[in-house]
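Have the viewer open while you read.

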Amino acid sequence: MSTLEVSDIHAAHGQLNAVHGVTLSVKPGEMLFLLGANGAGKTTLLRSIAGDHLAKSGKVMLSGVDISKSRAHERARSGLALVPEGRRLFPKMTVRENLELGASTSREGPWNIAAIYDAFPNLAKLDKSLAGKLSGGEQQAVAIGRALMGDPVAIMLDEVSLGLSPAAVEFAYDTLQKLREMGLALLVVEQDLTRAVNTADALMVMCEGHVTLRAKPGDTTVEALAAASFGYEE
Ligand code: ATP
């Protein structure tokens with residue numbers, strides 16, 4: 001059974017239809033990459049799945065439970081986490097305080113501050129640092145840690161490597177690899193097509209709110225993914 005199963009999501013911003021009937025599923029331990037040019041509708045889709053944006057229609061199932069009618073905080077409590085574009089940390093709060101904000105209130109799971117620091121020793125060193133003073137890579141690590149504090153079964157990451165140094169991107173991907181090995185379902189928005197094709201278990205491309213390509217990494221190329229980002233199907 002898929003951890004995350006999304007069917008026929010339609011979402012709009014006022015009169016603008018940004019997502020036209022998108023369907024996807026992510027299994028435990030699977031990394032699905034969502035690609036597409038700026039404005040393709042990726043963020044709107046992720047926010048609709050998370051419940052931050054009200055979809056016009058469609059269904060979201062998490063571990064077999066229909067959460068389509070649940071509000072964002074209820075979806076988070078059910079085990080669905082979103083690491084938003086730009087990380088959205090509280091810059092004047094410490095790393096620990098930011099992590100604590102992600103703490104699960106109702107779910108029993110393996111993650112707490114000690115477990116996060118154990119898994120990511122680099123974060124432990126930053127415990128008392130203000131989030132606003134950290135590098136982009138460190139902030140991304142805190143944002144992922146904050147998501148884990150809610151003991152998710154599925155994590156969606158928007159623009160995971162945007163604005164990060166090459167070393168920070170490596171660190172972020174090492175982290176994602178660990179989460180994959182732990183059996184989390186990962187839905188990752190990425191601009192770097194080469195990295196996506198080298199990392200993904202499955203890929204999908206959106207253009208103008210529509211899915212224009214679905215592929216397994218071995219069956220596609222960076223060129224085909226780029227073409228699909230501009231609406232052409234292979
Ligand atoms: P990006 O990589 O630039 O974030 P994206 O693929 O995530 O792009 P969205 O941000 O979901 O795409 O945008 C989809 C469409 O919806 C675009 O045409 C965008 O201009 C529009 N849009 C996004 N957010 C809003 C908003 N808050 N109000 C109005 N229109 C919006």
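## Helix 7

This is a predicted model. In helix 7, the buried residues are Ala168, Val169, Ala172, Tyr173, Thr175, Leu176, Leu179 and Arg180. They sit on the same side of helix 7, because the arc they cover around the axis is only 155 degrees.

What do the buried residues of helix 7 pack against? Their partners are strand 3 (31-35), helix 6 (136-148), strand 7 (154-157), strand 8 (185-189) and helix 8 (193-199). The length checks out too: at 1.5 Å a residue, the 16 residues (166-181) should span 22 Å, and the end C-alpha atoms of helix 7 are 23 Å apart, which agrees. After helix 7 comes Gly183, with a positive phi near 95 degrees.

## The ligand site

Around the ligand there are 14 residues, and Gly39, Gly41, Lys42, Thr43 and Thr44 come nearest.

On its own the ligand exposes 620 Å², and the protein buries 58% of that. Strand 2 (16-26) and helix 1 (42-50) are the elements giving two or more residues to the shell, with helix 1 giving the most, three residues.

## Ser2

Ser2 is in the segment before strand 1 (4-13). Its relative accessibility is 9%, so Ser2 counts as buried. Beyond its neighbours within four places in sequence, Ser2 is in contact with Ser25, Val26, Lys27 and Ser63.

How values were computed:
Residues are numbered from 1 along each chain as its sequence is written. This is a predicted model: local features need pLDDT of at least 70, side-chain atom pairs count only at pLDDT 80 or more; totals for chains, interfaces and linings use all residues. Side-chain values use heavy atoms; hydrogens and water are left out. Helices (H or I, at least four residues) and strands (E, at least two) are DSSP runs, numbered from the N terminus. The expected span of a helix is 1.5 Å times one less than its number of residues. Buried means under 20% relative accessible area, exposed over 50%, partly exposed in between (1.4 Å probe, protein chains only). The arc is that of the directions from the helix axis to the C-beta atoms. Contact means heavy atoms within 4.5 Å. A residue is near a molecule or strand if one of its heavy atoms lies within 4 Å of it. Accessible areas come from the Shrake-Rupley method with a 1.4 Å probe; for residues, only the protein chains shown count as cover.
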